[in-house]
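This report covers the division into domains, the surroundings of the ligands and the packing of helix pairs. The sequence and structure come first.

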Amino acid sequence: MTRTIDLALIPGDGIGPEVTEQAVAVLRAALGADADLRTTEYPYSARHYLETGVILGDDDLAALAKHEVMLLGAVGGDPRDPKLAGGIIERGLLLKLRFAFDHYVNLRPTKLFPNVTSPLANPGDVDFVVVREGTEGPYVGNGGSIRVGTPAEVANEVSVNTAYGVERVVKYAFDLAEKRRKKLTLVHKTNVLVYAGSLWARAVEREAANHPSVAWDYLHVDAATIFLVTDPARFDVIVTDNLFGDILTDLAGAISGGIGLAASGNINPDGAFPSMFEPVHGSAPDIAGQRKADPTAAILSTVLLLDHLGLADAARRIEAAVTADLAERGPTARSTDEIGSAISRRLGAD
Ligand SMILES: NC(=O)C1=CN([C@@H]2O[C@H](COP(=O)(O)OP(=O)(O)OC[C@H]3O[C@@H](n4cnc5c(N)ncnc54)[C@H](O)[C@@H]3O)[C@@H](O)[C@H]2O)C=CC1
Ligand SMILES: CC(C)CC(=O)C(=O)O
Ligand SMILES: [Mg+2]
């Protein structure tokens, strides 16, 4: 019987629909006769919120939960629109999905593909994965402000780190390091964020004892930014919290050829909820509608999606097609559709 992949598709805002259109076409071409791709499109986005007043309700979550897997473009509207102030979409849609579906592993691989130009003069062999915690840290919305708009305003944003949450992502990172080059780096700021830092450091020390073959080290996040620029090849697996992982992975994208190549997966390893794959980038309002966005990050996110589903052959086919496309990209800029179609054609699409 042919395997069916039941995919929930959330194109989102800005360049999101442009890049997911290409990613779905590539996914379909790579699967060929191996599997049927059944996509159900959902409109959740800043645009949908402005039109309907709905961001993402409990019924919407329940409908999404029935799918096997999800692909998201990006969300986020016009930053000047007061109706979208306060991160209402980022929190009420994107983070709500990650939290509700317990996407505690935010997996962000970085690889410098052959012939891709890095802004670094001597990048070396860049091939590492950031395992970013996805459900805790300062992103949980545990904060508030008083006396807003007065000179006496006080604002706080509390970072939540639980032993349960930290230990499970640290274990995932060590397991991953064991399958790769057996090197793990904890990135935090234990010299200042001492309570959370201590929890993370102890979790890593404890888990290290279960993985004697993995060498591990520690870097403060500020120093980590230095090494990502001066010696990115030193990294294999980085494990870090939600905020540091967010920042480091934009930098990781930049050093490996641009944010338009950076893929990610929001993974619920236990399989209780659908995992969600998306490019690292946002909705890029500055280039939206111009067909300038590079769809490669979204396309590489489908590689992570296929690997997550155990469809490794199709994943490798897309990876090979992207590798070949990147190797042959010349200096002439191509449109979103041209890049996507070229990759699809390598996979046998018309
Ligand atoms: N996962 C998501 O849905 C995310 C949403 N956002 C939201 O997206 C909106 C814009 O955020 P920004 O901070 O500007 O980040 P961004 O990632 O959208 O854009 C940063 C810069 O990278 C460029 N860029 C992004 N993707 C590209 C691509 N595929 N090809 C070529 N260039 C690309 C943009 O043109 C821009 O100059 C905000 O509303 C933000 O909250 C931001 C990050 C992630
Ligand atoms: C928009 C944020 C909530 C998320 C983000 O920047 C990211 O996950 O990379
Ligand atoms: Mg980000």
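In the class counts below, Ala, Val, Leu, Ile, Met, Phe, Trp, Tyr, Cys and Pro count as nonpolar, Asp, Glu, Lys and Arg as charged, and the others, Gly among them, as polar. The model is predicted.

## Ligand 2

By these classes, the shell around ligand 2 has 3 nonpolar, no polar and 2 charged residues. The residues that surround ligand 2 are E90, L94, L95, D246 and V280. Helix α4 gives the most to this shell, with 3 residues.

## Ligand 1

The shell around ligand 1 holds 21 residues, and G76, G260, H281, G282 and A284 come nearest to the ligand. By class, the shell around ligand 1 divides into 12 nonpolar, 5 polar and 4 charged residues.

## Domains

The chain is divided into domain 1, made of 1-103 + 262-350, and domain 2, which covers 118-256. Between the C-alpha centres of domain 1 and domain 2 there are 24 Å.

Where the domains meet, 10 residues of domain 1 are in contact with 9 residues of domain 2. On the side of domain 1 that touches domain 2, helix α4 (residues 88-100) gives the most, with 4 residues. That side of domain 1 has 5 nonpolar, 2 polar and 3 charged residues.

## Helix pairs

Two packed helices are described by the angle between their axes and the distance between the axes.

### α7 and α8

Helix α7 (residues 221-230) and helix α8 (residues 242-255) have axes that come within 10 Å and cross at roughly 10°. Angles under 35 degrees count as roughly parallel, so α7 is roughly parallel to α8. The crossing in which α7 passes α8 is right-handed.

On the α7 side, V221, A224, T225, L228 and V229 make the contact, and on the α8 side F244, L248, L251, A252 and I255 do. The contact of α7 with α8 has 9 nonpolar residues, 1 polar residue and no charged residues.

### α5 and α6

The axes of helix α5 (residues 163-179) and helix α6 (residues 194-208) come within 9 Å, with a crossing angle of roughly 45°. That angle makes α5 oblique to α6. The crossing of α5 and α6 is right-handed.

From α5, the contact takes in A163, V166, E167, V170, K171 and F174, and from α6 it takes in L199, W200, A203, V204 and E207. In the contact of α5 with α6 there are 8 nonpolar, no polar and 3 charged residues.

### α10 and α11

For helix α10 (residues 312-328) and helix α11 (residues 336-346), the axes come within 9 Å and cross at roughly 125°. Helices α10 and α11 are therefore oblique to each other. The handedness of the crossing of α10 and α11 is right-handed.

A321, V322, A324 and D325 of α10 make the contact with I339, A342, I343 and R346 of α11. By class, the contact of α10 with α11 has 6 nonpolar, no polar and 2 charged residues.

Key. Residues numbered from 1 in each chain as written. Chains lettered and ligands numbered in written order. Predicted model: local features only at pLDDT ≥ 70, side-chain atom pairs only at ≥ 80, totals over all residues. Domains from an automatic or database assignment. Contact = placed C-beta atoms within 7 Å. Helix = DSSP H or I, 4+ residues; strand = E, 2+ residues; numbered from the N terminus. Axes fitted to C-alpha atoms, helices over the stretch in contact; angles between N-to-C directions. Parallel < 35°, antiparallel > 145°, perpendicular 65-115°, else oblique. Left-handed = near helix turned anticlockwise from the far one by under 90°. Near = placed C-beta within 6 Å.
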